[in-house]
Amino acid sequence: MKRWYEGLLERIKSIFQMRKKHSGWDKSNVKFLSSLRFKLFSMFLVPVACIIILGVVSYNQAASGIESNYEKSTADSINMTAEYIRFGLQNVQATSNQYASDTALMNYMRNVGDMMEHMTIRNNNANSISVKITSDEFIKNIYMISDTVMPIMSAQLQIEDGFYEGLSKTDIGEFIAKNPLKVLWDGQDDYLDEKLQTGPDDYSMRLVRAFGRTDSVLIIDINASTINRILADLSFDASGYIGLITPDGREVIDQSTKEIPLDPSEIIFTSESFYHDAVASGETSGSDNVMYRGEQYLFLYSKIGDTGALICSLMPLSVINSQADNIKQTTVIIVIIACIIAILIALIMSTSVNQILGNINSVLRRAAKGDLSVQLETGRKDEFGVLSAEVQATVNNMKQLIQQVKTLSLEVSQSSSNVSKASETFLKSSGDISRAMNEIEQGVNQQALEAEQCLIQMDTLNKKIELVSDNTKDIGLIADNTKDRVNEGTVISDELNRQTSSTINITIAIIKEIEKLAEKSSSISEIINVINDIANQTNLLSLNASIEASRAGEYGRGFAVVASEIRNLAEQSKSSVNDIKQIIDSILEDTTNVVETARSAESVLKLQESAVKNTTDSYHDINESVEKLVVFLKQISENVDSIDETRVLTLASVENISAVLEEIAAASENVSQTSNDQLHSVESLNDSAAKLDSHTDSLTNEIQKFKVE
């Protein structure tokens with residue numbers, strides 16, 4: 001019983017110390033880096049960081065993609081432009097081949113035939129030239145010049161004599177002299193410009209070839225406006241350059257997008273190494289990132305057939321990446337807005353979570369201090385609302401448990417007080433019985449001694465017959481004393497019998513009270529089972545919350561931690577309930593042992609009652625024998641003369657008395673031993689009752705610390 005109460009008190013203290021330890025959260029003891037608010041901020045900053053990384057990657061990929069797409073589209077446009085110019089120049093070359101293969105025209109250039117034939121040929125070819133210039137946008141002028149005949153040409157000008165002779169002294173003249181069947185594409189020649197009265201703005205390229213092996217030349221000027229229009233149609237940026245580079249290095253640069261026209265003497269491409277690399281390469285087109293005037297440019301080129309001319313372009317990479325810069329600015333703005341929204345959401349959520357956790361911790365602190373009248377009302381509909389409801393339900397269940405324990409403790413206190421009083425009364429009665437039995441034993445021993453003396457005297461009765469009268473008187477006195485003591489023993493035995501019956505009744509009452517206590521302890525076990533079911537339900541809810549948190553991924557990690565703490569509290573509550581259940585089981589076991597001990601005491605008391613009854617019956621027999629002895633003594637006194645005859649009868653009576661006294665002595669010894677054992681048991685019961693009363697008071701004082709209203 002003592003161990004049960006001490007264990008119960010210690011367990012209750014440990015439970016509330018544990019609750020205080022886990023619920024006594026002090027904000028001042030929590031470091032900022034480990035606080036829930038910092039974790040929420042960190043959790044919301046993770047997607048913001050991902051957005052920043054996404055923006056950087058998107059910008060890089062967009063810049064690379066835009067540059068790649070721009071390069072591809074521009075290269076395609078330049079290639080198509082080069083192909084278009086190639087097609088146009090090919091038609092021009094086909095026209096030159098047509099003229100160079102015309103026999104009549106060839107004879108005219110050789111000055112073969114009469115004047116009428118010459119006139120006809122000249123008029124026909126003049127008309128043909130007009131048609132070609134009108135139908136072919138690439139042709140600006142056509143010149144057929146020989147030193148022996150009049151030239152045929154579209155331009156209205158006067159050709160000086162010795163034109164071909166002067167041309168033969170130039171590089172162009174040397175080329176066509178060595179290659180009379182080949183075509184020469186030229187960009188600019190001072191001699192031809194001077195003789196033909198043309199300038200760089202009048203043409204972009206020239207086709208020069210000989211009429212076979214004659215001293216004549218065919219010159220076709222490529223229309224500069226057509227080339228400029230084609231280049232302008234590419235819609236090139238004003239900060240870039242695009243142009244047609246002739247085989248001799250003349251640069252025809254598109255200036256349609258230039259606010260300030262370029263200096264005609266300014267060289268863009270031909271002085272750069274990347275241009276010469278492109279010319280020397282075997283590729284018909286290509287691109288490369290190059291440095292031009294200290295800035296990164298995209299260089300693209302496309303060769304125009306076998307003319308030796310190229311379409312080249314330079315575009316600053318900064319212009320190409322300008323669209324990516326717009327993406328960069330948009331991404332920065334979106335990231336800033338996302339950061340602001342994330343911080344606001346984190347502030348709102350952390351403040352809300354902080355507030356609800358503060359309320360829960362405040363309630364748990366008050367409950368840990370013993371105030372179970374607290375109420376937790378959050379008004380929330382989320383998981384924190386469920387948590388608050390479970391906390392409030394736990395407090396209410398503990399409140400009901402404490403109320404029931406308080407009620408039971410009062411009943412136990414009252415029962416222990418009754419047991420204490422009954423044990424004191426029982427102890428007093430047992431002491432009286434023990435003293436009475438000691439006196440009976442002394443009297444019986446004295447009677448046994450006197451019976452021996454009677455036998456000795458009866459043995460010497462023949463020799464001392466003269467002393468019969470005196471001895472008879474002594475025997476009369478002894479018989480009177482014996483009768484008085486037998487009466488007293490009978491009274492004491494009757495009183496002992498009554499007290500033994502009272503003790504049995506008290507023991508039965510104690511057994512009934514202990515059985516009631518066992519039933520109430522069983523009810524406590526049922527309450528503990530209810531609490532255990534609540535802890536299991538709390539654990540199940542925590543498991544469900546953890547599953548939902550894992551489904552939420554990164555956004556549910558903070559709540560996963562809270563769910564884990566709830567599961568730990570549920571496990572601790574379950575462990576505490578199991579400990580309380582073990583204590584209650586121990587109480588039930590101890591109560592059962594006490595009941596069995598009390599029942600054993602009841603059996604002993606019944607045996608004692610039987611022994612006392614036998615003692616009382618023996619006393620009645622002794623009383624009857626003593627009365628007979630008195631009668632015999634009277635007869636001896638009256639019949640002294642017949643004493644010898646009655647000696648034998650007296651001796652037999654004394655022997656019977658001696659035997660009865662021996663039986664009484666043996667029964668008295670047994671009763672005395674039983675009385676001593678009962679006395680020790682009652683003393684132990686009295687001590688246990690006193691300790692039970694003390695521990696009941698301690699339990700009541702501990703229960704009074706809880707405030708449930």
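Modeller: Counting as a salt bridge any side-chain nitrogen of Lys or Arg within 4 Å of a carboxyl oxygen of Asp or Glu, the count comes to 8 salt bridges. This is a predicted model, in which local features need pLDDT of at least 70, side-chain atom pairs count only at pLDDT 80 or more, and totals for chains, interfaces and linings use all residues. Residues are numbered from 1 along each chain as its sequence is written, and side-chain values use heavy atoms, without hydrogens or water.

Take helix α2 (residues 36-100) for two of these pairs. Helices here are DSSP runs of H or I with at least four residues, strands are runs of E with at least two, and both are numbered from the N terminus. Lysine 72 and aspartate 76 meet in a salt bridge, 3.4 Å from N to O. They sit about one helical turn apart, because 4 residues separate them in α2. Exposure here is relative accessible area with a 1.4 Å probe and protein chains only: buried is under 20%, exposed is over 50%, and partly exposed is in between. Lysine 72 counts as exposed because its value is 54%. Aspartate 76, at 35%, is partly exposed.

The second pair in α2 is glutamate 83 with arginine 86. Their side chains form a salt bridge of 2.4 Å, N to O. The spacing is 3 residues, about one turn of the helix. Both partners are partly exposed: glutamate 83 at 42%, arginine 86 at 24%.

Next comes arginine 229 with aspartate 233. Their closest N and O atoms are 3.6 Å apart, and they form a salt bridge. Glu137 joins them: shared partners link Glu137, Arg229 and Asp233 into one network. Arginine 229 has 36% relative accessibility, so it counts as partly exposed. Aspartate 233, at 52%, is exposed.

Two strands pair if DSSP finds at least two bridges between them.

Start with β6 (residues 241-245) and β10 (residues 310-316). They pair in the antiparallel sense over 5 bridges. Glycine 243 has cysteine 312 in β10 as its bridge partner.

Move along to β9 and β10. They run antiparallel, joined by 7 bridges. Lysine 303 pairs with leucine 310 in β10. Their hairpin has 6 residues between the strands, and glycine 305 takes a positive phi near 55° there.

Then β8 and β9. They too run antiparallel, with 8 bridges between them. Methionine 291 stands opposite glutamine 296 in β9. This hairpin has 2 residues between the strands. Arginine 293 lies in that loop. Its phi is positive, near 55°, although the residue is not glycine. Arginine 293 is exposed because its relative accessibility is 53%.

Glutamine 197 belongs to the loop between α7 (190-196) and β4 (203-210). At 57% relative accessibility, glutamine 197 is exposed.
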